[in-house]
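This report describes a multi-chain model through selected residues, helix packing, chain contacts and domains. The sequence and structure come first.

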Amino acid sequence: MTRRLLESRNLSILATLALFLLMFGAGSTAFSGFFSVQNFLNLFIDNAYLLIIAVGMTFVIISGGIDLSVGSMLGLATMISASLVEKSHLNPLLVILIVLSIGTALGFFMGCLIQFFDLPPFIITLAGLYLGRGLCYVVSIDTIAISDPFFDRAAHSQIPIIGGAFLSPSAVIALVVAAVGAYVLRFTRFGRTVYAMGGNEQSALLMGLPVARTKIGIYALSGFCSALAGVVFTFYTLSGYALDGKGMELDAIATVVIGGTLLTGGVGNALGTVVGVLVYGTIQVLIVFQGTLNSWWTRIVIGFLVFVFCLLQRVFEARKGTTVVRGVSREPAAMAGH
Amino acid sequence: MPDEAPVLEMRKISKVFPGVKALSGVDFRLFRGEVHAIMGQNGAGKSTLVKVLTGVHEQDAGEILLEGKAIRPSSPLAAQRLGISTVYQEVNLCPNLSVAENILVGRQPMRFGRIDWKELNRRAEEALRRLNVEIDVTLALSSCSIAIQQMVAIARVLDVSSKILILDEPTSSLDEAEVERLFALIRTLRDQGLAILFITHFLDQTYSISDRITVLQNGLFCGEYRTAELPKLELIAKMLGKELSEFSYAAEHAARKKEAATARKEGPDLLRVRKLGLRGSIAPFDLDLGEGEVLGLAGLLGSGRTEMAKLLFGIDSADQGEVEVKGKKANISSPRAAMMIGMGFCSEDRKNEGVFGELTVRENIVLALQVRRGMLKSIPYAKQLEIADGLIASLKIKTPSAENAAFQLSGGNLQKVMLARWLATNPTVLILDEPTRGIDVGAKLEIMELILNLSKQGMGVIFISSEFEEVARCSGRIAVLKDHAKIGELSGQDVDERKIVRTIAEGG
Amino acid sequence: MASVRSLMRSRLVWPLAALACLFLFNLFFTPNFFAMEVKEGHLYGNLIDIIKNAAPIMLLAIGLTLVIATRGIDISVGSVVAISAGVVAILLGGDLAGQPKYPVPVAIGAALLVSTAAGVWNGLLVSRIGMQPIIATLILFVAGRGIAMVFTNAMVIWLYVKPFAIFGQGYLLGLPFSLYLVAVMLALTALVTRRTAIGLFIEAVGINPTAARFSGINAKNMLLGVYTFTGFCAGVSGLVVCSTVMSADGNNAGNLFELDAILAVVLGGTSLNGGKFYLFGSMIGALIIQTLTTTIYAFNVPPEISQVVKALVVYAVSLLQSEKFRAKVAGVFARGRAAA
């Protein structure tokens, strides 16, 4: 059991968990009012959208790819939701269905380009970022406020958990997504193929795994998660704004890395990502509680954490002196050509 | 076995690539319960034949009969589904997955719609036990040695069910004990009735494991023989397309040249190494190399020859000992430092450590020389061409021009390009790690001649080869290695194959 | 030499053709696209706008071409542009009278120093610690903008120091000053990489880092060098950006620049896999991107929509560069011909 624990992949999650506990603990001792169940649950409420995106991103990164379009897809989802609800007066549930379909379809489209024509995910999803952002403006240049009663209820509902503490519907959705993601990665053939592809895509192909289907599916899934995150975001902001989600892809990648997933692919899991999001959320709360620091310090701290985690991963790799399975893959730094 | 019908028959297979007739009317038969080796030089067509069988290429003429039925596999996956499984030199598994998962991924046992991990591990253990392998199947594949990884690969393909098992150069990365283990496994599988196609460059191994040998030469079928009835020398002659008598003359001729060439010249030592070592890599050793001397490093796979070479050339940093070059103390801390004091090194892994595929042949050749000159003083283009063309001619490198990209060249010619690169720098000491590996016998002889010529010109050469006969043929002295340590030195009359083997068996 | 030139020509043909197509399109469909007039002693027109707007990206692309050639990537350049702009703005000060806090050369020097230091940071992470470039530069990407915002205290700093405006708004002999900056940087870089063996070494490191090391090339220093140089390029780009709008906005300066720059390099023929690089091609790539944007603008399409067009262009170009796509298209044509 100890040996399993010490295996680098599990060690990573433990490190992230330790980091989170450390931060939360530090905050509790430094600031009164910090330590409370509600404060902990708020981490999920305030970062529900990020968690959903990060779960999708986890799949993509484990498979050895990357998706830079998630932020702008989130924005597009908020715009379309707001527009359809406020301007076209469609049923909110129908709107959500439409938005999720569009997100999945766009992800599917990018996945097809990447798979069938051997195009680098970095470039294709980068163009997807432009595409999504541009389409946001096509929908509307101005912010659209949402006053629909369904969205209103979703924004303000409180689901009681323990004592007086509560979760929002968005947070619950996010947790469900994380749980489903973890299950799929561990207990379905699709999930295991994702790992295989991240380990060695050539081998996965030769082993007869459905690489093409899976790759397209991964990007469609990421698109779905971005769209869902967008819907959840509209619950949070009750508006659609073309700049929503700007830069969020980097936040997602950062939380996934901090959660122990290797950017090189093949290693990682959804639980780690959840803890990564908790760390991200805690940093933001700490800065708010501190009061005097520019909120942009969050970026700097996150950057620093990514640095530390990547450094640790690098050190571990070097010490293990991994027995390389012969057959060098020429992976360019930008993870192109997967 | 030869009385029943063959499980596989390839009849009159022809395959043409632009400008090259890879296969012309080749026949091949494989029976159940036998190990069959295909032998031939590079360019003889054996890899093409295997690629046609495994569905990578489609033949232009001829047919393939599997158990009497005509087949035409369109891809490796299709071939696998027909029962033709291949385990390549690059193991083709996923290093991040566990051993168990590598065996069963894609066919994981399910229970109530989810993967049953317990059952998966159990099935994997069973599959490995059939091969007499017992390991913790939950470990990540990357934490297993290459030998074990290969066993896992074999377990996987056999678990899928196979009629034919193709092993493509399986022993290149294994040490002696691991090779024996693999061979024991192969014999077990053969006795169970599996048809096994074994591809290797190692003559000794062919004789050790195969029941029959098919020889190809220049895309033509030369013959099918029972291993026990084919003497080694005759096999080599057939592979070369030469007559037996011709061949022994060449060997004799080479021996006479060697005597003259590799004798030690007068003058200070080129290289004087005392107690150089690196923990975990090679035990502290002493070495001397004189002007015009060819020093051979002989040992079995895994004995530490490449480690020794890499230490001498500064690729690895020693943690003890000292080196003197031409009487002066030298601190060889990097390949660059080694190069600057006049050393050169041809790696055995030319694909990953030597060749720049996208650069032209010219650029590949002048690179080291350019580094010596420094990055600011570029060698004029005309001079570069002169140097490159000169070496292409003297080494007989087959390329349309010096401006062709290196990736267009065949393995043997790439080896010569690497050699050319270091010769261009006019080194005082040249270390050659397996310069004859994976190239055809004709080119091998050319390179060995070249080594003798270089030593005649005063260059000190350290020559590493896993073929003891070669080392004995080219070297004036031999350092014998075993298990990452130098255990002895042979000189004069003792420089011969049998003495090497005896030293390894008795020494260390 | 002739065969080398023809090799280079063949890689440059695609981007040149793409640019030519864009110009051709504008020739027929855009009124007055090529119109140029002389106003206030300098040239004025769409073509001039293209060059001015492309300049910051072109500067980034010069450094990025070398980084990508080593099989690396630098996604932090946009953030470094913001940092550079922030540093120069703070040091010049927001004094309405136009009196700089520090002399202009000092402010410029400091900005370049800080950006080059950022490049060194990236280079050390990649070469000494051995981190994957995308991970290593991800750190500054995330943190860099935060650093820029902390420098500028999250405020937009406006500049009134007239002499500084020349970088982004000035003209020399009728042409934009920034064009000369780009030309000088391009010429120097081309000279250094092609006249010396540095270019060859960079390509060698990108094609086969191990073999490069075994051939005596100091791969670590080469990597450190290209990332440092890219940091410097980002610094110069930041000066131009700041000078163009005479302000520094930590949040928006250099926004999406890295993506445009990487795109420019890829469009220009350098492969993301590293190896042979084409500086001139990257310049053409940047011009293609900018011409596209300007063309869209000339049709009175809202500028944000240009992003959609950019995306579609990227898809189109990627498909054209994809061997699989070309093979499939060729197959369709062949079948059509066979059926006919």
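C:Ala97 counts as exposed because it has 7 C-beta neighbours inside 10 Å, where a residue is called buried if 20 or more other C-beta atoms lie within 10 Å of its own, exposed if 12 or fewer, and partly exposed in between, with C-beta atoms placed from the backbone. C:Ala97 belongs to the loop between helix H3 (77–92) and helix H4 (104–127) of chain C; helices (H or I, at least four residues) and strands (E, at least two) are DSSP runs, numbered from the N terminus. Between the C-alpha atoms of C:Ala97 and C:Leu256, which are 159 residues apart along the chain, the separation is 33 Å.

The model is a predicted one, in which local features need pLDDT of at least 70 and side-chain atom pairs count only at pLDDT 80 or more, while totals for chains, interfaces and linings use all residues. Residues are numbered from 1 along each chain as its sequence is written, and chains are lettered from A and ligands numbered from 1 in the order in which they are written.

Elsewhere in chain C, C:Tyr171 is placed in strand S4 (residues 171–172) and counts as partly exposed, with 19 C-beta neighbours inside 10 Å. Leaving aside residues up to four places away in sequence, C:Tyr171 touches C:His42, C:Pro176 and C:Phe177, contact being defined by C-beta atoms, placed from the backbone, that lie within 7 Å.

Two residues other than glycine have a positive phi. A:Asp118, with a phi of about 55°, is in the loop between H6 and H7 of chain A and is partly exposed, with 15 other C-beta atoms within 10 Å. For B:Lys326 phi is near 55°; this residue is in the loop between strand S16 (320–325) and strand S17 (328–330) of chain B, and it is partly exposed, with 16 other C-beta atoms within 10 Å.

Which helices of chain A pack against H4(A), and at what angles? The table gives the two pairs, with axes taken as lines fitted to C-alpha atoms, for helices over the stretch in contact, and angles running from 0 to 180 degrees between N-to-C directions.

| Helix pair | Angle | Distance between axes |
|---|---|---|
| H4(A) (residues 48–62) and H9(A) (residues 169–187) | about 15° | 8 Å |
| H4(A) and H12(A) (residues 211–237) | about 175° | 8 Å |

The contact of H4(A) with H9(A) includes A:Leu51 and A:Val55 of H4(A) and A:Ile173 and A:Val177 of H9(A), and its residues divide into 9 nonpolar, 3 polar and no charged. In these classes Ala, Val, Leu, Ile, Met, Phe, Trp, Tyr, Cys and Pro count as nonpolar, Asp, Glu, Lys and Arg as charged, and the others, Gly among them, as polar. Among the residues joining H4(A) to H12(A) are A:Tyr49 and A:Phe59 of H4(A) and A:Leu221 and A:Phe233 of H12(A), and the residues of this contact comprise 17 nonpolar, 3 polar and no charged.

Between chains, 43 residues of chain A are in contact with 42 residues of chain C. Helix H6 (92–116), helix H7 (121–139), helix H13 (248–258) and helix H15 (297–320) of chain A each supply at least two residues of the side that touches chain C, and H7(A) gives the largest share, 12 residues. That side of chain A has 32 nonpolar, 6 polar and 5 charged residues.The contact of chain B with chain A takes 25 residues from chain B and 23 residues from chain A. Helix H2 (76–82), strand S8 (114–115) and helix H5 (146–160) of chain B each supply at least two residues of the side that touches chain A, with H2(B) giving the most, 3 residues. By class, this side of chain B has 11 nonpolar, 11 polar and 3 charged residues.

Domain bounds come from an automatic or database domain assignment. Chain B is divided into domain 1 (8–242), domain 2 (243–267 + 292–317 + 334–342 + 427–508) and domain 3 (349–426), and the centres of domain 1 and domain 3 of chain B, taken over C-alpha atoms, are separated by 35 Å. Chain C is divided into domain 1 (54–279) and domain 2 (301–340), whose centres, taken over C-alpha atoms, are separated by 32 Å.

Conventions:
Two residues are in contact if their C-beta atoms, placed from the backbone, lie within 7 Å.
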